[in-house]
Amino acid sequence: MNILYDERLDGALPRRDRQEVLAELSRVAPDLTLLHREEDLRPFECDGLSAYRVLPMLVALPERLDQVEALLKQCRALGVPVVTRGAGTGLSGGALPLEQGVLLVMSRFNRILDIDADARVARVQPGVRNLAISEAASPFGLYYAPDPSSQIACSIGGNVAENAGGVHCLKYGLTVHNVLKLEVMTIEGERMTIGSEALDSPGFDLLALMMGSEGMLGVVTEITVKLLPKPETAKVLMASFDDVEKAGAAVGDIIAAGIIPGGLEMMDNLAIRAAEDFIRAGYPVDAEAILLCELDGVEADVDDDIETVRGVLAKAGASDVQLARDETERAKFWAGRKNAFPAVGRMSPDYYCMDGTIPRRELPRVLMGISDLSQQYGLKVANVFHAGDGNMHPLILFDANREGELATAEALGGKILELCVEAGGSITGEHGVGREKINQMCAQFDSLEISTFHAVKAAFDPDGLLNPGKNIPTLARCAEFGAMHVHNNELPHPELPRF
Amino acid sequence: MSNNDVFCSAADSLPALSEAVAAASSAHPIRIEGGGTKSFYGRPVEGTPVSTREHRGITSYDPVELIVSVRAGTPIAELEDALADQGQMLPFEPPHFGSNATVGGTIATGLSGPRRPWAGSVRDFVLGLRVLDHQGREQRFGGEVMKNVAGYDLSRLMVGAQGTLGLITEVTLKVLPKATASASLRLEMSQQDALQRLAEWGRKPLPLSAAAWHAGALHVRLEGGESSVKATASMIGGDTLEPGFWSELKELSLPFFAASDAPLWRISLPTNSAMLKLDGVAPDTLLLDWGGNQRWLKGAVDAHELRAVVQRAGGHASCFTPGAAEPFTPLSPVVAKYHEQVKRQLDPDAIFNPRRLYPDW
């Protein structure tokens, strides 16, 4: 199934001559870097969802706010769509360009403006890398909590756009829980401060609304994040299981014991073998599943909790439990997990990473369902799982050079997401909808709810110029797409013609 | 684990609520009511009262998932009791302001208690909710899972919107286990010293869960494992404090709040803000909660002057005493414009709690 922008379903886009737009933008922002030759545009043709590539009409690389302002105002006047991009590491195609649109690349806004250690906040530009914030805060004993796997490369602006998560979400939350204030520029070129350095602001929680809005409501130009004191210690236990179901149950048992681990990750046999082969993390390659359980905080509490968790794991039927002996071994245990995606990538020419969320109790049933689907579609699936918060990342292995295999992988992926929704979950835990999951949105929300999303969009961008086609499907797309959410047994969108 | 026997007070009045909303019009808007305990907080609303109180009960609670779904009219105390039976809690420690307080009112007002700076606020624990739209149709946003970034975050947008964007019928919340150990301490010191001490502690991974300065003493609560609470308590010293202090602080029932008939102001400030210098107000007469992020002022001050000082410090001030013309800090023109556009899109006939937050909408 091709997920590229389809004007028939996603709405007509204005057609402007590239040279005309280039001339107009150069006129209003004479020193703005604008790329227009094909070879210059090529590096920007995709984000982390590299199966899909589109050359943008133009790429803009502003360095100052007045350039962003001039660009937005002029694009609005010309009716030209604007797709904002950070580091381009997103996995859902949220920054996939449009042929008829300008790609606004914020990577040159890459300065850390201020770190206030006593107030425990950092004020940064959107192009700053996620990990760079923690590195800059480190001398003060502080860090920025959300840590997506791509943290060495992904930008904080992109994290805001996708409400990025990471392996420590259950205890420390997502981006939405760790950002205090945003400076945003509207499509009209207005500057707007959303949120504040205080813990709340008068009026609506527009800060929450902006998080994960995928550049569709405004362009984020500055971010103030909360910093946390680094935990005194972090220790990690690795438990092996001869049965995936037992491992899943153990996750619930740890939480039932009143413990909230800093990280609680699960990998199945295929993922274990891939990671071990790549990283030599010391994983047991014969195990059907492993759990990594990290406990962090004050030393004395962590030691107490380690003993509790050891007991829980033994009772849950773990065949082996190892405590990382030192910081080196802890880093090694994590390296296996954090490199699970590229590790799986070595086993197969291509892989497709999913991001569904389910209630944890549904894990055995969903894993079994994935295994059935995997056989049905004839493609292997490796499972890595933020087990603590029910966020699954099934990795579908395929070979794009084989006729039809990408389409099969996507169809299988779509089925896995529908399985998540059916189990009471969500089509995306942390990667966002972007373009990738645009059709599955129709499975998670009904037409009324989708219309409400469109109403919110209209409040900020009535002409639909900011990142059109992402995040929220049109009703026409949902009517055409097979797996519609049928609410109360009513046929959705009876008003729309069927094709 | 949802067991209907446990939740015997459940009742579903969704059809009646839908009907009431559908019958509303711009000439006949509605005023959403829960237990009425927070009706003082905001501008008075003229409209047909629509009560959520008959729409009540916990619809699903699985302690191992750390997730509870509950109807809006459920008394917040009933929810807290059900969680406590499983050793769990609402980490944001919501104030009740009366025994009738409902879950819906807690979400709509978005008020959090003393644990807020360390644990997070109401909105941080909202995973999803159901809301009646302007035609009385129930819509669901967010989800009933820990992580979900599908679509715009309309569930958190509803938190603190005081029913101006829709009628909340049900909410799904993340809950957490109660800490195994707790200790409360009282340390005599000046406000200046307290602020300095809090800044030092803030940079260390201490098991703090509440900190308030009042009448010449810093009051501290520690929550965590036995070992760390004990070690931290002996490190910071001070006298033992009755834990009931935190409940009185949360409910605004300490003698401070009843000392005079003067208006009560809530001042929200950035972390590590200095002592506020206000004309005619001795700094020592303020009560500081949330480690200084939330400060209470009882006094007849000029709203404009107070807000000017507070805004210069990066914060805002709300009046907690009914009758103020502008209980909430006016919005900047651009922010106000987008508030109005969001309101118009979601409530085109202006039927939901008109002018509850601001005089124009």
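Leaving aside neighbours within four places in sequence, A:Pro56 is in contact with A:Leu41, A:Phe44, A:Pro97, A:Leu98, A:Gly101, A:Val102 and A:Leu103, where contact means that the C-beta atoms of two residues, placed from the backbone, lie within 7 Å. The model is a predicted one, in which local features need pLDDT of at least 70 and side-chain atom pairs count only at pLDDT 80 or more, while totals for chains, interfaces and linings use all residues. Residues are numbered from 1 along each chain as its sequence is written, and chains are lettered from A and ligands numbered from 1 in the order in which they are written.

A:Pro56 sits in the loop between helix H3 (38–41) and strand E2 (58–61) of chain A; helices (H or I, at least four residues) and strands (E, at least two) are DSSP runs numbered from the N terminus. A:Pro56 counts as buried because it has 25 C-beta neighbours inside 10 Å. The cut-offs are 20 or more other C-beta atoms within 10 Å of a residue's own for buried, 12 or fewer for exposed, and partly exposed in between. A:Glu38 is 18 residues away from A:Pro56 along the chain, yet their C-alpha atoms are separated by 9.2 Å.

Chain A is divided into domain 1 (7–105), domain 2 (112–229), domain 3 (233–341) and domain 4 (348–422), with bounds from an automatic or database domain assignment. The C-alpha centres of domain 1 and domain 4 of chain A are 32 Å apart.

Among the buried residues of H9(A) are A:Val244, A:Ala247, A:Val251 and A:Ile255. The buried residues of this helix pack against strands E12 (233–241), E13 (263–268) and E14 (289–297) and helices H11 (299–315) and H14 (363–377) of chain A. Just after H9(A), A:Gly258 adopts a positive phi of about 85°.

The largest nonpolar core comprises 212 residues, and those with the most contacts inside it include A:Leu104, A:Met210 and A:Ile396. Such a core is a set of buried Ala, Val, Leu, Ile, Met, Phe, Trp, Tyr and Cys residues joined through C-beta atoms within 7 Å. Helix H15 (residues 405–422) of chain A gives the largest share of this core, seven residues. Beyond its neighbours within four places in sequence, A:Met210 is in contact with A:Val160, A:Leu182, A:Val184, A:Ile194, A:Leu217 and A:Gly218.

Between the chains, the contact takes 79 residues from chain A and 70 residues from chain B. H12 (333–346) of chain B supplies the largest share of the side of chain B that touches chain A, eight residues. That side has 31 nonpolar, 25 polar and 14 charged residues, with Ala, Val, Leu, Ile, Met, Phe, Trp, Tyr, Cys and Pro counted as nonpolar, Asp, Glu, Lys and Arg as charged, and the others, Gly among them, as polar.

Strand E7 (138–142) is one of the elements of chain B that supply at least two residues to this side. Four of the five residues of E7(B) are buried, so this strand is largely enclosed by the rest of the structure. Five bridges join E7(B) to strand E6 (residues 126–132) of chain B in an antiparallel run, DSSP pairing being taken as at least two bridges between strands. B:Val131 stands opposite B:Gln139 in E7(B). The two strands form a hairpin with five residues between them, and B:Gly136 in the turn has a positive phi of about 80°.
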